[in-house]
Amino acid sequence: METIHLKTVDPISQELLRSASRQGLDLPWERFEKLQPQDGFLRLGLSCPFGCLQGPCRIDPFGRGPAKGVCGLAREEMVAGLLLRLCLQGTMEALEAVPSGDRPRAIRYSRALGAMVSQALAKNDQHDLSLDDIFKSSMLLSRPSSTYWQLLAQALRLSLLTLGFQEQGALATTAPSLPCTAGYATLAGRAIRIGLCGEPSTRLVFELGKEVRRMTTTPAQLVALGSWLELDGRFLPIACTSGESELLVSSGAIHLLVAGAGTDPGLLSLCEKLKIPVVVNGQDGDAEEIVGRARKCFESRSQSDLFGDAPPVPECQVLLSASTIVPASGWDLTGKIGLIGGSDTPQLSLGKLPADLAQALSEKGLQLAGWGDAALWVLKKKSASDETALPFLALANRQGPLAAVTALAGVDKLESLQGICFTGMKSCLELSAALGLAAIGCRVSVATPLPIQGSREVLDALSRLLQQNGGQLRHSDHPADARELTEWFTNP
Amino acid sequence: MKVIAVHLDRCTGCKTCELYCATERGSNGKTLLRAVQERPLPQARVRVEGSNEVPVAMQCRQCRQAPCLDACLTGALRRDGESGVVVIQENNCIGCWTCTLFCPYGVIYPWPQRKIALKCDRCVYMEVPVCVDVCPTKALELIDVDQYEDLLRVKRAETAADLQRKNRLDGALLLDLVERAGS
Ligand code: SF4
Ligand code: SF4
Ligand code: SF4
C-alpha cells in the first residue's frame with residue numbers, strides 16, 4: 001500500500017487502487033510484482049527466437065555456460081533474430097489496421113514518407129520494399145543461417161514497411177481533426193456505461209452508438225478504456241488510459257465490457273470475478289440485447305456517483321491528417337518541436353514520465369505534440385494543474401508520431417524536430433514504428449529497456465546502420481526518467 | 001546456522017538464480033542489463049547442473065567441517081563467527097585455487113580474470129540471499145540447520161501418508177521388489 005503513489009500519479013487512480021486492494025483484486029501491478037524478476041534470458045534477447053524445436057536454447061550472458069545453441073547459433077545472431085521477430089510482429093499489426101479492401105499489393109506511401117523511405121533504403125544499399133519482405137522475414141526466422149548484419153538489415157526493412165502500413169491504416173475520415181474528451185470526469189453522473197477496450201469492430205461501435213442514443217429513461221454512455229475510437233465525428237470519451245483500464249473496471253463504474261481485439265486477458269477475468277458482462281469481438285450479437293445486458297448489470301448495483309468530483313479535462317482537438325497538422329498546430333517552424341507518446345507500462349509510475357517530460361520540455365521552449373496513453377496523461381495534467389495551460393497537441397493514436405513527421409517533412413522543416421520519445425511500449429507495433437522512424441533519420445528515444453541488451457556488437461551495429469541516414473534509437477538498460485530524456489531532447 | 005536448501009522437486013533449471021546472483025553480487029551496475037556489458041563479466045556463485053529431468057541448483061553447503069577452509073594456504077577463507085558461513089577475504093586470496101580442488105561439491109570456483117576464488121557466502125550481509133529471493137518456483141529456501149530434523153519429519157510423514165493412500169503392494173513397488181520378484 002505504501003507504494004501506491006509509485007504505481008500511478010493520478011489521485012483518483014490511487015484511491016481506486018486502495019479500494020481494489022481492500023477487495024483483494026489482482027491488478028497489473030500485483031501481477032508485475034509477482035513476476036519479478038522477469039526471465040533474464042528473454043529480457044536480454046538471449047533466448048532463441050527462431051522457429052525451431054531443437055531448443056529452447058539460451059546463451060549464458062556471463063560466459064560460463066553455453067555460448068551457442070544446439071545448431072551452433074551465436075549470441076549476436078540470437079539477439080538480432082529477436083529484434084527481427086519483434087519487428088515482424090509489429091509489421092503484421094500495422095498491416096492488420098489497413099482496411100482489408102485496401103490491403104496493398106504494392107506499398108503506397110505519401111510523397112513525403114516515400115522520399116524518406118527511399119533515402120533510408122539507398123543509404124543502406126537496399127533495394128525497394130515489397131510485401132515479399134514479410135515472407136522473407138518469416139523464412140529468415142525459420143532456421144538461423146544469416147549473419148546478424150543481415151538480420152538487422154531485414155528488421156530495418158520491416159520497420160520501414162511498418163511506417164507505410166501505418167500511414168495506409170490511418171483513420172478513414174476527411175476531417176483534419178476530431179474532438180476528444182478524456183479522464184475520469186467523463187464518468188460523472190449516473191448512467192449505464194458500456195466500456196470499450198482494444199479495437200472493437202467499427203460496425204459494433206456504430207450500432208451501439210445508435211442504441212445508446214435511443215435510451216431516454218436512464219441515460220447510457222459508451223466510454224473507451226484507453227482506446228481511441230471514432231463515432232459520429234468525434235472520439236468516444238476516453239475514461240482512462242490503457243494502464244488504468246482494470247482499475248476503472250474494478251471500481252464497478254462499467255456495466256458491460258466490449259472486449260475488442262487486443263484486450264488483455266486480465267481485464268476479462270476481472271469482469272468475470274466482478275460479474276460484469278463481457279461482449280467479445282466477433283461474437284457481438286445484437287446491439288439492443290447488449291445494451292439490455294448492461295442495463296441489467298447497472299440495475300443490480302448501488303448507483304453512487306463515484307466520479308462526480310473528478311477534475312474535468314478540457315476538450316481537445318486530435319489532429320489527424322499530415323496535410324493539416326502544420327496549419328492547425330500553429331507551430332513556429334523556426335523553433336523546436338518535440339513529440340512524446342506511447343503506452344502505459346508498469347515499469348514506471350503511470351503518468352509520471354509523460355507529464356514531467358512535457359512540463360520540462362515546455363519550459364525549455366519546445367513545442368509539443370503527443371499520442372497514446374502519454375498524450376492522455378499530459379491532457380489530464382493540464383486540467384489538474386492551476387498553472388497556465390501546457391501547450392500540447394494530441395495526435396491520432398493509430399499513426400502516432402508519423403503524421404507529424406511527414407507533415408514536417410512535407411514543408412521541409414524536419415530539422416525543427418528535436419526528437420521523438422516513446423515513454424512506454426506495449427506492442428511490437430510501437431517498437432517497429434520507433435525503429436522505422438529512426439531509420440528514416442529521426443532521433444528516437446525509448447524510455448524502457450528493449451530486449452536486445454544481450455549483445456554489445458548488435459547494439460553497436462544497429463546504431464551504425466541508423467547513423468548512416470542520420471537517425472538514432474536511444475534506449476538504455478534502465479527505465480529512463482524525465483531529467484535524462486530532457487537532456488537527450490535538448491542536447492542533440 | 002542458516003543455509004540455503006534446494007527443493008529438488010521444484011527446480012525447473014531456469015537459471016534465474018545464476019543470472020541474479022552474478023548481477024547483484026558480482027557486478028557494479030547491479031542490474032542485469034548493465035551487468036552483461038561489464039568486463040570482466042560478473043560471475044554467479046550458484047550454478048545449475050544436472051539434466052532437463054533433474055536440474056539442480058548448487059551453491060556452497062557451508063560445511064560444518066569445511067575442507068576448503070583447511071586447504072586454504074593463506075587463511076583467506078574463514079568462518080564468520082556470527083553466521084557460521086564460510087567467507088572468502090578476497091584481499092588475502094592469491095588465486096592458487098587449492099580450495100577448489102578440495103571442495104567435495106565443486107562449488108568454490110576459480111575466477112581467473114580476477115585471480116581469486118569465488119564462492120557463495122549465503123549473502124550473509126543481506127536479509128535474504130538473492131537466489132532465494134528471485135527463484136520463481138521457491139525451489140531455494142533459507143532454513144536453519146536445526147530445522148533439518150523438522151523438515152525430514154515432514155517428509156517422512158508425507159511418504160507414510162502417501163503409502164497409506166495407496167495399497168501395500170504399491171508400497172512394495174516403491175521399493176522395486178515386485179518387479180525383481182517377477183524377473
Ligand atoms: S535454432 Fe539453434 S539455437 Fe535456436 S532453438 Fe534451434 S538449435 Fe537452438
Ligand atoms: S532459480 Fe530456482 S528454479 Fe530456477 S534454476 Fe535456480 S533454483 Fe532452480
Ligand atoms: S566451498 Fe565447498 S568445501 Fe567449502 S564450505 Fe562450501 S561446500 Fe564446503
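A residue counts as near a molecule if one of its heavy atoms lies within 4 Å of it.

## What surrounds the ligands

With that in hand, start with ligand 3. It has 14 residues around it, and the closest are Cys60(B), Arg61(B), Cys63(B), Cys68(B) and Cys103(B). Sorted by class, this shell has 11 nonpolar residues, one polar and two charged. Here Ala, Val, Leu, Ile, Met, Phe, Trp, Tyr, Cys and Pro count as nonpolar, Asp, Glu, Lys and Arg as charged, and the others, Gly among them, as polar.

Ligand 2 also has 14 residues around it, and the ones that come nearest are Cys11(B), Cys14(B), Lys15(B), Cys17(B) and Cys135(B). Its shell splits into nine nonpolar, four polar and one charged.

## About the model

This is a predicted model, where local features need pLDDT of at least 70 and side-chain atom pairs count only at pLDDT 80 or more, while totals for chains, interfaces and linings use all residues. Residues are numbered from 1 along each chain as its sequence is written, chains are lettered from A and ligands numbered from 1 in the order in which they are written, and side-chain values use heavy atoms, leaving out hydrogens and water.

## Chain A and its domains

Chain A is divided into domain 1 (4-34), domain 2 (40-168), domain 3 (182-299) and domain 4 (318-490); bounds like these come from an automatic or database domain assignment. Taken over C-alpha atoms, the centres of domain 1 and domain 2 of chain A are 36 Å apart.

## Two crossing helices

Helices here are DSSP runs (H or I, at least four residues), numbered from the N terminus. In chain A, the axes of α5 (residues 75-96) and α17 (residues 428-439) come within 7 Å and cross at roughly 105 degrees. That makes α5(A) roughly perpendicular to α17(A), a label for angles of 65 to 115 degrees. The axes are lines fitted to C-alpha atoms over the stretch in contact, and angles run from 0 to 180 degrees between N-to-C directions.

Among the residues that meet are Leu83(A) and Leu86(A) from α5(A), and Leu431(A) and Leu435(A) from α17(A). Contact means heavy atoms within 4.5 Å. The residues of this contact divide into eight nonpolar, four polar and one charged.

## Where the chains meet

Between the two chains, 20 residues of chain A touch 23 residues of chain B. Together the chains bury about 1800 Å², 59% of it on carbon and sulfur atoms. Buried area is the accessible area (1.4 Å probe) that two parts lose on being put together, summed over both. On chain A's side, Pro37(A), Phe62(A) and Arg64(A) lose the most area, together 40% of what that side buries.

Pro37(A) has another feature: a cis peptide bond joins Gln36(A) to Pro37(A), with omega about -10 degrees. Pro37(A) sits in the loop between α3 (28-34) and α4 (40-44) of chain A.

Definitions and conventions
Angles under 35 degrees count as roughly parallel, over 145 as roughly antiparallel, 65 to 115 as roughly perpendicular and the rest as oblique.
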